[in-house]
Amino acid sequence: MHIKVNQLVKRYGSHVALDGASFEVPAQVNCLVLLGASGSGKSTLLRVLGSLLTPDSGSIHINETALGWTDEAMLKQRRGNGFVFQSFNLFPHLSAEENVALPLREVHDINARVASHQAHETLEKFGLGEHVKKRPAEMSGGQQQRVALARAIAPKPGLLLLDEPTSALDPVMTQEVLDLILRLAEAGQRTVLSTHEITFARKVADWVVFLDHGVVIESAPASQFFDQPESELARQFLESLTRYR
Amino acid sequence: MSPESRPQSLLAEVFWNLLLCLGMMLGIWAVFHAINYNWHWESLWKWRWLILRGWGTTVAVSALALIISIPLGLTLMLGQRSRWIPVRLACRGCVELVRGTPLLVLLLIGYYGVANALGIARPWLPGVFLLALFHSSYLSEIFRGAWESIGASQLEGARAVGFNQQQTWRFVIFPQAFRRALPGTAGQMVSLIKDSSLLSVIGVEELTQMVRSANAQAYTALEGFIPLAILYILLTIPLSWWTRRIEERFRFET
C-alpha cells in the first residue's frame, strides 16, 4: 500500500496535534506502525489517514489516489476502512453478534441472514463462539477488544486502523489481542497500527513512522528503525520503552 | 444488584404492603378523628356520576396532552440543537419562558388572552395544548440530557463503522438515549396527569372541577377529596408500573 502524506496539519483550538507531518511509505509495505510518545500525534494521524478526521491542511495519497475531505467523500472512504480504538467503543446496548452484524447489514448492504452468519463466523474465528449473545458489559476487556476487532474486520476492509488497541488491557488480555492482530497481518491484512508495545511492533511492522510533537522525525523500514535509528530522539524513545522489558 | 432483582419472598412483600397500608389508613383516620370530622358519604354518593364524568374528562385530556407533549418535547430539543440561530434561540426561549412560568398563569393568559383573541371558545382545546406545552418544555430538557450523555466515543464508534448521520441517530443515539430518558419521562407524565387538575380554572369540567361541584351540591366539605385522590392514583400508579416494565426490558450496563 503506497501512502504519501504531505505537510499534514491538524489543530484542536490552540493545540497543534499535527504540525506539517510528511512521509512516504512504499507500495510493498503491508503493516505500518506509528510510534511516538503520548501526545506526539499518532492517534490524530491515524484518524486522518482513516478519514475519521479532516486535516486543516495538507494532503494524503493512498495508492496514488488523493483522499477527499468533503463529508460524502470521507464517509465513502471510511466505509472501506476498519477501526479499532483503545477504549473498544462497542455499542453497549447490542450483543457481540449484533455489534458485528449491524454495520454489515446497514452499511454494507448484506442481507440479514448472511450478515448474522458472517458475524457468527468471524466471532468464532476470534475465539468468541460462546459469547456471541453477550453484551459488552458482560465480557472482559480482552473479549470486548476482540469483538471490536471482529467488527472492524468482518466487512473485509481495505485498510485496518488500530489505535493503541491494547493500552487499556492487562498483560494477559494484551497477548490475546496481539495474537489476533499478528494473525491478521500475516494473512495479508493491510494495517496501520499505533502502539506502545515495542516488542510486538518489532515483530509485526514492515515500516515505522516515528512522530514527535506532530512532526515526523523518522520514516524507515522497520528493521532499520529498530536496529539503527537515525535520530537521537528515536534512540532515547526506544531505550525508554525497552528498559524494563 | 439492583433492588428489583433482589430475591425476595412474595409472602414477605404482601405482608409488608398490608402493614404499610394499614399504618397509612390508621394515620388518616387519626387525623380526621382529631378534627372531629363528621362524614356524610351518603349525600356525596348521589353525585357519583358527576365525579366519574369528570374522571373521564381527566383521562381524555391527560392522554391527549401526553400524546402531544412527547413529539413537542422532541421538537423543542432538536430545535435547541439547530444550526440556525433563530430556531435555536426561539426554542431555547420557549423552554425557559414556559418552564419559568407557573402553569396557572400560563393557562389564564393562554385562555382568557390568546384563545380569546383567536376566537376559540372551548376551554379544553387551549387547555390541552398549554398542558402539553408546559410539560414538553421539561421533557425537552430530559431528552437533551439523555442525548448529550451519549459520549463522544460512541459517536466516533458510529462514524468508524461507516454510519451516516441518520444511521448514527437511529442505531446508536436513539436506543441508548431512550433508555436514559425513561425514568425522567415517566415522572413527567405523572406530573402531567396531576397538573390536568389546574384546567379547572379555565372551566374544563375535569375531575377536580367536578368533585368541587359535587361537594358544593351535596353540602359536604372533605368527602370529595378522598375519591379525588384515589382516582388520580388509579391513573398514575399503572403508568409508573408500565414505564418500570419498559425500563426493565431496555436495561443494559454501560
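Colleague: How many residues does the contact take from chain B and from chain A?

Modeller: The contact takes 18 residues from chain B and 17 residues from chain A. Two residues are in contact if their C-beta atoms, placed from the backbone, lie within 7 Å. This is a predicted model, in which local features need pLDDT of at least 70 and side-chain atom pairs count only at pLDDT 80 or more, while totals for chains, interfaces and linings use all residues. Residues are numbered from 1 along each chain as its sequence is written, and chains are lettered from A and ligands numbered from 1 in the order in which they are written.

Colleague: Which helix gives the most to the side of chain B that touches chain A?

Modeller: H7(B), with 6 residues. A helix here is a DSSP run of H or I with at least four residues, a strand is a run of E with at least two, and both are numbered from the N terminus.

Colleague: What is the make-up by class of that side of chain B?

Modeller: The side of chain B that touches chain A has 7 nonpolar, 8 polar and 3 charged residues. Ala, Val, Leu, Ile, Met, Phe, Trp, Tyr, Cys and Pro count as nonpolar, Asp, Glu, Lys and Arg as charged, and the others, Gly among them, as polar.

Colleague: Why are E6 and E10 of chain A said to stand at the edges?

Modeller: An open sheet of 6 strands in chain A has the order E6-E7-E8-E3-E9-E10, with mixed pairing. Strand E6 (81-84) and strand E10 (215-221) each have a single partner strand, so one side of each is left without a neighbour in the sheet.

Colleague: How do you know that E7 and E8 of chain A pair?

Modeller: Two strands pair if DSSP finds at least two bridges between them. Strand E7 (residues 159-163) and strand E8 (residues 191-194) of chain A are joined by 4 bridges and run parallel, so by that rule they pair. In E8(A), A:Leu193 is the bridge partner of A:Leu162.

Colleague: What makes E1 and E4 of chain A a pair as well?

Modeller: Strand E1 (residues 3-12) and strand E4 (residues 57-62) of chain A run antiparallel and are joined by 5 bridges, which meets the rule for pairing. A:Val9 stands opposite A:Ser57 in E4(A).

Colleague: Which domains does chain A have?

Modeller: The assignment gives domain 1 (3-80 + 158-242) and domain 2 (93-156), with bounds from an automatic or database domain assignment. Their centres, taken over C-alpha atoms, are separated by 25 Å. The contact between them takes 10 residues from domain 1 and 10 residues from domain 2.
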